[in-house]
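Subject: Structure handover

Hi,

Here is the structure for you to look through. Please open it first, then read my notes below.

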Amino acid sequence: MIAMFSLSLIFILASCLYFTNAVEWLGKKLNLSQGVIGSIFAAVGTAMPETIIPIIAIVFHKGQASDEIGVGAIVGAPFMLSTLGFFVTGASAIVYAFFRKRPFKITPSLTGFQRDLTYFIIIYSLAVITSIVNNYIDIKNIVSIAILVSYFVYVIRTFSSKDDSLRDLKNLYFSNQFHLKPTINLIILQLIFSLLGISYGAHVFIKYTEQVSAMAGVPPAILSLIITPIATELPEKLNSILWIGQKKDTLALGNITGAMVFQSSVPVAIGMMFTDWNLTGLTMLTTVLALISSYISLIYAASKKSLSPFILMGGSIFYCIFLLQLL
């Protein structure tokens, strides 16, 4: 069991390697900026597996329990990304710098970083406020449509950004293995292969995480609120670690912040349409902590015109607050 747990983690990592390589080549072939590649293509691609599960629970499995599980999973994703996702990205930069693999300073496109966090804070705050006032005024369906429109506006604005194009690409892995030219069809094939690998690996990883946790006597509540969300967000974290190691900071941060924008818009809008959307208790706490963590990083980047890995690592403080409240 421990062996399968470890193998599934290795499988996810290998799939992430193929994914980052393929998405970089797709961006090059389509002449896209790093902001588009990281904040949209990579972010949506890796966020899709854990996004589909709560949506299915809400839309196709009617009931109070399904709604609570679905909404909890929806708001849990931005929380994990804005706390542990930031922490892992900042910590990996420090570790790489310690081994002299990269500079200590993180240098993403600050324009893109601030754009992503601004959209996230506005959209997510609107969703949280709607939960509070919805008991008095039934406006959640209107707001959900506005949030979906906002995401499309964000996509258009990201595509029109002036971020640098990619450089220093490694050879396409499928191209090396099959001795073929890196055509768009081969790139898409590797992209699909890697996404399926990430999804399958995450499924196996969660399965054996549950079994290992049961053997260790971990309560189901701890598993559902702590261990499983960490596992489902693993692809984004691993992608960012890989890109930080390659000194591709715009892609690394865009993968996190772009996923935050996506997770706070499309899944949230669907949750608002198909549930009562009453955020209370720990669910409300995670939304507030996610917003505070993001706001601190945004203010620092805007005022200092730079980004410190320690500021990103500060996201762990808000995760610890959540743990203390939970336990």
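By class, which residues make up the lining of the largest cavity? Three are nonpolar, eight polar and three charged. Nonpolar means Ala, Val, Leu, Ile, Met, Phe, Trp, Tyr, Cys and Pro; charged means Asp, Glu, Lys and Arg; the others, Gly among them, are polar.

Some ground rules. This is a predicted model, where local features need pLDDT of at least 70 and side-chain atom pairs count only at pLDDT 80 or more, while totals for chains, interfaces and linings use all residues. Residues are numbered from 1 along each chain as its sequence is written, and side-chain values use heavy atoms, with hydrogens and water left out.

**Cavities**

A cavity is a set of points, on a 1 Å grid over the protein atoms alone, where a 1.4 Å probe fits but cannot get out; lining residues have an atom within 4 Å of a point. Grid points are joined across faces, edges and corners, and the volume is the space filled by probe spheres set on the points. There are two cavities of 30 Å³ or more.

The largest has a volume of about 80 Å³. Its lining has 14 residues, and S109, G112, F113, T250 and G254 lie nearest its centre. Helices α2 (34–60), α4 and α10 each supply at least two lining residues. Helices here are DSSP runs of H or I, at least four residues long, numbered from the N terminus.

L17, T20, N21, E24, K170, Y173, Q246 and K248 line it. Helix α1 (residues 2–29) gives the most, with four residues.

**Helix packing**

Take α4 (residues 110–133) and α10 (residues 249–263). They pack at an angle of about 20°, with axes 8 Å apart. Axes are lines fitted to C-alpha atoms over the stretch in contact, and angles run from 0 to 180 degrees between N-to-C directions. The two helices are therefore roughly parallel, a label for angles under 35 degrees. F113, D116, L117, Y119 and F120 in α4 meet L253, G254, T257, G258, M260 and V261 in α10. Contact means heavy atoms within 4.5 Å. This contact has seven nonpolar, three polar and one charged residues.

Now α4 and α5 (residues 140–159). Their axes come within 10 Å and cross at roughly 175°. That makes α4 roughly antiparallel to α5, the label for angles over 145 degrees. Their contact includes I123 and L126 of α4 and I147 and V153 of α5.

Best wishes

Conventions
Angles under 35 degrees count as roughly parallel, over 145 as roughly antiparallel, 65 to 115 as roughly perpendicular and the rest as oblique. On a 1 Å grid over the protein atoms alone, a cavity is a set of points where a 1.4 Å probe fits but cannot get out, and a pocket is an open set with protein on both sides within 12 Å along at least five of seven lines; lining residues have an atom within 4 Å of a point.
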